[in-house]
Amino acid sequence: MPTTTAHHPTTPTDDVLAREQAHLDHARDELRRMRETTERLDVSTAADAFNAAYLDLVLARRVASLQDDPRTTLFFGRIDCRTEHGEETFHVGRRHVGDAHGDPVVVDWRAPISTAFYRASPAEPMGVELRRRFGVDRGRLTAYEDERLVAGDAADRSGILAAEIERPRSGPMRDIVSTIQPEQDEIVRSDLATSICVQGAPGTGKTAVGLHRAAWLLYSFRRRLDRAGVLVVGPNRAFLDHIGAVLPSLGEVRVQHATVDTLLDHGRVRADDPTEVALLKGDARLAEVLRAAVWRNVARAHDALVVPRGSRRWRVPAYEVQDELDGLVTRGVRYSAARELLPQRLAHLVMLQIERSGDFPGDTVQDSIARSAPVRTATKDLWPALDPAAVLFGLLSDADALAAAADGVLTEDEQRVLLWERPPRSKGAARWSRADMALLDELADLLDRTPSLGHVIVDEAQDLSPMQLRAVGRRASTGSLTVLGDIAQGTTPWATPSWEEAMRHLGRTEHELVVLDRGFRVPALVIDYAARLLPLVAPGLAAPVSVRDDPGRLDVLRADPERRSLAVVDAVRSLTDEPGSVGVIVPDAFVTAVSSALTTAGIPHGRLDADHGDDEDRQVELVPASIAKGLEFDRVVVVEPAAVVRGEPDERTGLRRLYVVLTRAVSALVVVHSEPLPEVLTG
């Protein structure tokens, strides 16, 4: 028996909707009161200037989190529950709103009571008797839909839920807080101590799940994560610009954002490695080579340490000095930390000599000995100071140094691949590559421990090399990880073959793997078309299933080469007749030509690139295929699939890039081509 009832009033006299709108107006008034109360707080009452500055920062964050967006509603749902206190009603929204007495007007979607809004079902109602969803238009409630959770009854699919999922985008990404599904909610609310890996097919909401998890963790473990921090790592700057608006809409403004390139910023990137070289530099075996290159700088003690003090000269035998060196090497501390300990350890050996003579000087004497010229000279000779650039410069420019560090790890041929053909004169003149940044980061951690954050969320993780994964993992060495990606969308030559391997490089052999294969974003016609590529790009990976009622639209248009640009313009013009975003995804080499064609046709558009998003809110965006990953548009025009494939180093990577490109559409996909399509797409 159906239990879902939809109400779409045609007049403003619907009593239920009027009462709910009145509650929304009341919630806005209370939110304004909360913000104004915070703005009136006086930081001058702080004990000192430091505390005043800190309080000012805290209050600024608080005021920012209390801003109201009139384009949206403060709540999107409601649950009527039977609790130990009797029957209670809770309106669920993006942030908590309370009245002057402290009673909740809106409960935060992250609060424990809100879990039932997402997970309650007729089979397991979780104390919920009624779940209500609201239709919204420009900040006003326009409809409501009631679902009575009677055990044993099967509810119809929510029309408001489906409409929200399929609602036209005003930008390439938005939050899914009002449409979170039970399997997504379980990931979002997993405990902070749990590291999770999410294998998510296109349109399953894996990226949004990761962002909502960040917001939930900061809400649920606020004190711990305020100190330790949360970081989201994305594939490129344009992608981060798009997700940057999501977290504030969820009530969070305290999450750091980075790309792998900005995270591993150890110098200016001035060179591009050939694929063979980049693959080898990304290999996890390089970690062993770098470790050997660092620690082989610790010398052997061949001479005794002699320290004059007063009228006597104290002599420490070389074997005792060597024992201290060996102890520090095996102690497990970083190279630079061990070097800082060495003067005190050597001074302690001298102190033992002094005490054996019957003298018992104080601790200040040991500090004085540690600062003495002989001890400082011995430290410099036995344990020289290092920096990452100098170590890597030495390896890539000196065949003998590389051979010593890579002995038993890399073959002679592999060592020749790594060596610079024309070594620069100094480390300052070195032209570092993107792959070198991960090596420099590894070296920096070997010298000085990388600080750990409380939680790190990494999206599109399948594209990272083993050395890049190690770099991300060490930033959560004492925290936890949420790893998001899709093996089928691996579009780098070093893309991971399995999540088990990727999690090992991240330092998380113990983790929870969750598979999301129900597609809420991509319609059936589009996902089924793109899934024809899966046997070639990810054998054994199950095809995703679209759960949307609307099958979407798919048009494949063949055009003569000389008319291809006109065909693209016509396709774009036809898609701009309706509200919503339009993405024009082209091979990177086609961007300038297609942009010119659109401009000539009078179609305004933005252009995305890897380093910058589009600051303006435009209906049409021109997107190079190389940065389409993670983006979504209502309607998409894909230009020349064969050229997309050809633009990658190998066919498998090219087909994976095409799979990504074909799955960016929320409602309609138009493919325009003059070259033959890949054979699997012609059936």
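Which helix gives the most to the lining of the second largest pocket?

**Before selecting anything**

This is a predicted model, in which local features need pLDDT of at least 70, side-chain atom pairs count only at pLDDT 80 or more, and totals for chains, interfaces and linings use all residues. Residues are numbered from 1 along each chain as its sequence is written, and side-chain values use heavy atoms, with hydrogens and water left out.

**The whole protein**

Of the 683 residues, 53% are buried, where buried means under 20% relative accessible area, exposed over 50% and partly exposed in between, with a 1.4 Å probe and protein chains only. Among contacts with a separation of 6 or more, 75% join residues 24 or more positions apart; a contact means heavy atoms within 4.5 Å.

**Stop 1: the second largest pocket**

Select Pro-235, Asp-261, Arg-434, Thr-492 and Trp-494, which are the closest to the centre of the second largest pocket among the 50 residues that line it. About 1,200 Å³ of space lies in this pocket. A pocket is an open set of points on a 1 Å grid over the protein atoms alone, with protein on both sides within 12 Å along at least five of seven lines, where a 1.4 Å probe defines the related cavity as a set of points it fits but cannot leave; lining residues have an atom within 4 Å of a point. Grid points are joined across faces, edges and corners, and the volume is the space filled by probe spheres set on them.

Next, colour the elements around this pocket. Helix 20 gives the most to the lining, with four residues. Elements that each supply at least two residues include strand 9 (230–234), helix 10 (260–263) and helix 21 (466–474). By class, the lining has 20 nonpolar, 14 polar and 16 charged residues; Ala, Val, Leu, Ile, Met, Phe, Trp, Tyr, Cys and Pro count as nonpolar, Asp, Glu, Lys and Arg as charged, and the others, Gly among them, as polar.

**Stop 2**

Select residues 206–220 for helix 6, whose 15 residues reach 20 Å from first C-alpha to last, close to the 21 Å expected at 1.5 Å a residue. The expected span is 1.5 Å times one less than the number of residues. Helix 6 is largely enclosed by the rest of the structure, because 13 of its 15 residues are buried.

Move to residues 318–329 for helix 13, which has twelve residues and reaches 16 Å, close to the 16 Å expected. Its buried residues include Val-321, Leu-325 and Leu-328. The buried residues of helix 13 pack against strand 12 (305–309), strand 13 (312–316), helix 14 (335–356) and helix 16 (373–382).

**Stop 3: aromatic rings**

Rings of Phe, Tyr and Trp (its six-membered ring) pair if their centres lie within 6.5 Å; planes under 30 degrees apart count as stacked, over 60 as edge-to-face and the rest as tilted. By this rule the count comes to nine aromatic pairs. Select Phe-393 and Trp-420: the ring centres are 6.1 Å apart and the planes are at 50°, so the pair is tilted. Phe-393 belongs to helix 17 (residues 388–397), while Trp-420 lies in the loop between helix 19 (412–418) and strand 14 (432–433), 27 residues apart. Phe-393 is buried, with a relative accessible area of 16%. Then select Phe-76, Phe-117 and Tyr-118, which ring pairs link into a cluster.

**Stop 4: two glutamates with positive phi**

Select Glu-460, in the loop between strand 15 (455–458) and helix 21. Its phi is near 55°, a positive value in a residue other than glycine, and Glu-460 is buried, with a relative accessible area of 3%.

Finish at Glu-640, in the loop between strand 24 (633–639) and helix 27 (641–646). Glu-640 has a positive phi of about 55° and is buried, with a relative accessible area of 0%. Beyond its neighbours within four places in sequence, Glu-640 is in contact with residues including Arg-564, Phe-590 and His-673.
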